[in-house]
Amino acid sequence: VLWYLIGLHCSLIHAALPPDCVPLEEHPLDTADPGSIFGETSEVGSKASPHRTGNLRQRGAIPTHHFAANEIKSAEPVPMRLFPYEAIMTSSGIVYDAYTMDRWTDPERTDLMMQQSAWKSGEPWNKLTDMGTNMRQVVSGPDGNPGGVFSGKSGVQVGISGSSDPVMTDFGDLYANFEYHGNGGKMEVPLVRGSALLTHLFTNANPVVKPFCLADISGHHVNFNCPLERTILDAGSGHASATCSGGVLHLRLQNTKRIRDVTKIQYAARPKTRWAAGDHPMSSCDVNKCRLTDGGKTLEVDVPNAHGAMAFAFNYIGHYVTPWDWINHPEEVTCHGRRSEKRAPNDITLHASCDSNLNLEIGVYVGHHHIYGVDKIQYAVEPENTWCNPPPMHTCNPTVCTRVGNTIYVRIHAPAQHLKLAVNVIGYVTLPAFWITHPYKMVCGGPDIGSSVSGGHPVTPAPTIHTFPTSQTQPTQTQPPQTQPPPSIRTTASSRPITQGSKFILELNEPGDELPNQTRKFLLYFQSIVVPHINDADNTITFTPQNGGTYSGFMQLAYLGAGLRGDHSNDTVLDKHLGVYSYKPKASYCVQNNRAYASFDWNPNNQYPYQSSGSLLMITMPHHAYILKDQFAANLKSTVYTFKGYEGPSWLLDMEAPRAAMEPDPVGVQAIKANSQHLQDILQAIERDASHANLEAYCSFSDSYGVGKGIGMHARLASMSRAFGTSHYQALDGKIRHCLEKWLRIDDTLPERNRFHYDTVWGGLFLRGEDGEAHFYTDFGFPFYNDHHFHLGYFLYALAYYVRHDTAWAQQHRQRIYALARDVGNPSYKDKFFPVVRHKDIYMGISWASGVVPGERQEESSSESLNCYHGLAALGDALNDPILRGTGQVMLALEIASVREYYHVRDHNFNQFPPILQKFGAVGQIAEDSFYVYTLDWGCDPNVFPMRHGCLVGIQIIPITAVSRYWMDKDWAKHILQSCDWAINPSHATDYSLANPSDLRDLVTGWKAFCYAGIAPYDESHKIAAANYLRDKYPRDLVSGTGAASTLLFIYERT
């Protein structure tokens, strides 16, 4: 029996909240104007103002993490994931393509990114991926282009003639409505998550449909253009070498991944003297010049007439050039091989000076590497006595960093006279190599420090395609053609005259040329009979009423699956559901009798069903299906989308309400008190943690994330002190109160950069995070709504502790406290100052960290999201506020169900993951275009597998609290057992003997501790091993925001 027993009480007629269960969304937490508390600002608007929102801001806050925010947060929108579709909007219309669940598991879509994989000793191109590798599961492209990035050039576009840019007119937890206007007509697009049929409502406007790659419409042969969207598949890294014999230069490129297309490889080879004179043209490979061996991973080419010193280089078009600075520093050979890596950080050095006035200058010399601008440089600078584990890395920006030649200078005011510092050159090197445990030390007014360090550990940047600046002297970055004529097989279908009707089947070629016999089928259904008019010039089909004029009514679009050309076996699978659609569905929530309820009323419109018995079909995600399967298996249907469908107008999710209080479970406390050894360990750990509790040392100058983790740890420690009867809480309470008063602006003495204001542009709390203009990367993106639930979640957790014991203080500062809670946990659209549960994706159950910064959404640390909703529930419990407590409990229950489903490999969902993640046991991130991602946006220490597994598991554990037991259990422990064992003991890993042992040094203690805690629930022996490891640890040995007492308490009693 799992932690929750979930049922569903619904029928095909209706499902509502239980009687007398108070709907949380009807009750705003507070109505106070946060601008009157903290002051107002509109700074966000200078970089990220809403687009396409009409007058919505006059009605309330604009959602920053809603699925439709991708269309409104930037002038360059990114796709929305609707499930089972993805969509993007342009002024010409909205483009949809299918999104099927089988893409999550397809090993052909598993893109290995091997930058942090260990390699075979002496063979850096031979990656030992069995010990661990970064990966992403690419889900955006159709089968014909599985590595493609959907950008509106595949699938089907729907629009009207002469349309303007769309405007969002309404939204809710599960929907967003947009309108297009043109030539006196209108198209309303009611987007609803989980809709099998995509509905469009036309008023005096003829639908204009543009199916990309269209080959046939209801038996009428056509030949529409078939663009090929760009791929994001990582091509690996290359290692160039050469030998000379008999006047022939034998070039070799050894790639970490299979080279799929030899024509994408270019090479240059010339005598060194001619190369230096500018003679170094690139020649393109073909099957006659170049040969592939080693399963396609090694490319060889012979160059005749070679003599003396030769220079050479390779270009893998669109991916990398080796060597990096190939023109000025090519590879060289004189009748013997020489090897090089794509990137060689051995000439990156550091020099730092600081005068007695605390003016600190760090110079980073990047050598011959093509590192453009300054934003590849990150720096950490902290007072010597408060160096965190790890400390925050700050990304360079033009206000503090300048470039002179090949040196980037960081100039800042030092936070103290005695400093510790480190530098990370993203993707190249960290200086020093062991920067977390052994950073550089210096004294302002003392001697300069310098680095001639030749090593370090490259840090993986966010997944991206490698591109290179073009110039007259660089190789041509030829890209694949954007359209391809269809293969000959596509011209054999017989053409028949197209006829009018209300239902049409579209047959689309697969993009590319690898699946010439497969097509994808889509369905169009109209409320009334229409006549199609094909325009071959612009590849569109306009539908008009059979009696002329303009169309008014609905049109539905649906995907029918992929299969052999001419196979129409799925043409009628949706007929029962045609004409029925969800319109402005409503989500409702309540808590009653220790149960948490979430109701989805899909509000079906069935005025014009295709069949009289028509019913609504909505698509479930796996966590929904897992919830529904026991009691309502008959309602669940298999679909062409490989997600389960559900027939019925509404759902009611019935879940266990997680424990609200943040204090340790009294049952667990009593169990420890009954065991003398355990009690001694806990009391000694409380003493060690309390003796190093120094919140006051950094509360006033660190960023909101660093202070948040620190104050959260102090609150957890104070609650344990009270539970186990020690006096440490007395001093801790003072530190917590003092820091809370600074950040709530009661004691308004923080630097301006750390003072909350109310953002009037979107509606929410704003911190500038730096002294000058805020940038997208400032304070992890907090000024632009990144990570609010992470940062504020820790403060809410600390408030939950403190207000329980100082109710007068809580009442005096109630509005300030509630402003923080409303920013991330507002339950009601009646609160016009904040969006509803800002980061929460109600349909998916998880939260998104990304705010209104450019790009698609992603979330790394699921456990910090869980901590936020636990903090809300705990604060409501401490304040005796049933609305706040219930909101936190419902959101936490939904988050737990989804985190267990999508971030954890477990027995029940094992086959939901690609094979490599089945082995690793955890997911590092959920992202929109690559659903499962196994990598980090920061550098582990050491930053190489198998130790890197420890950080990937640990980021799904931090912080450990009284509710961690809901997701850290024996089931998950079983699946991360191997990854954590290898992270803790690298010598246990497969292929360890093949690697260079010096590359596989120990994982830092803090991330080891998380692995030990994660596998402690597996059995008694792992519990004992974990306790033995933590028994003598101090806070300085652990990741910031973590205590030895807290971790031991979980290990012993999971509370």
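**Disulfides and helices in a predicted model**

The torsion about the S-S bond of C940 and C951 is about 70°, so this disulfide is right-handed. The model is predicted, and a search of the whole structure finds 8 disulfides, among them the link of C940 and C951, whose sulfur atoms lie 2.0 Å apart.

- C940 sits in the loop between β54 (930-934) and α16 (948-954), while C951, 11 residues away, belongs to helix α16, and both C940 and C951 are buried.
- C354 is joined to C444 with an S to S distance of 2.0 Å, and this link is right-handed, with 80° about the S-S bond.
- The pair connects distant parts of the chain, since C354 is in strand β28 (residues 349-354) and C444 is in the loop between β36 (440-443) and β37 (449-451), 90 residues apart.
- For C396 and C401, the torsion about the S-S bond is about -70°, so that disulfide is left-handed; C396 is buried at a relative accessible area of 1%, and C401 is buried at 3%.
- C244 has a relative accessible area of 15% and is buried.
- C868 takes part in no disulfide, the nearest cysteine sulfur, that of C739, being 18 Å away.

**Helices**

- Helix α13 (residues 862-879) has 16 of its 18 residues buried, so it is largely enclosed by the rest of the structure, and α13 is followed by N880, whose phi is positive, near 55°.
- Helix α8 (residues 704-723) packs against helix α20 (residues 1044-1053) at an angle of about 60°, with their axes 9 Å apart.
- R716, L717 and M720 of α8 make this contact with A1045, S1046 and L1049 of α20, a set that divides into 4 nonpolar, 1 polar and 1 charged.

Conventions: Residues numbered from 1 in each chain as written. Predicted model: local features only at pLDDT ≥ 70, side-chain atom pairs only at ≥ 80, totals over all residues. Heavy atoms only, no water. Buried < 20%, exposed > 50% of the residue type's maximum accessible area, 1.4 Å probe, protein only. Helix = DSSP H or I, 4+ residues; strand = E, 2+ residues; numbered from the N terminus. Axes fitted to C-alpha atoms, helices over the stretch in contact; angles between N-to-C directions. Contact = heavy atoms within 4.5 Å. Nonpolar A, V, L, I, M, F, W, Y, C, P; charged D, E, K, R; others polar. Disulfide = S-S within 2.5 Å.
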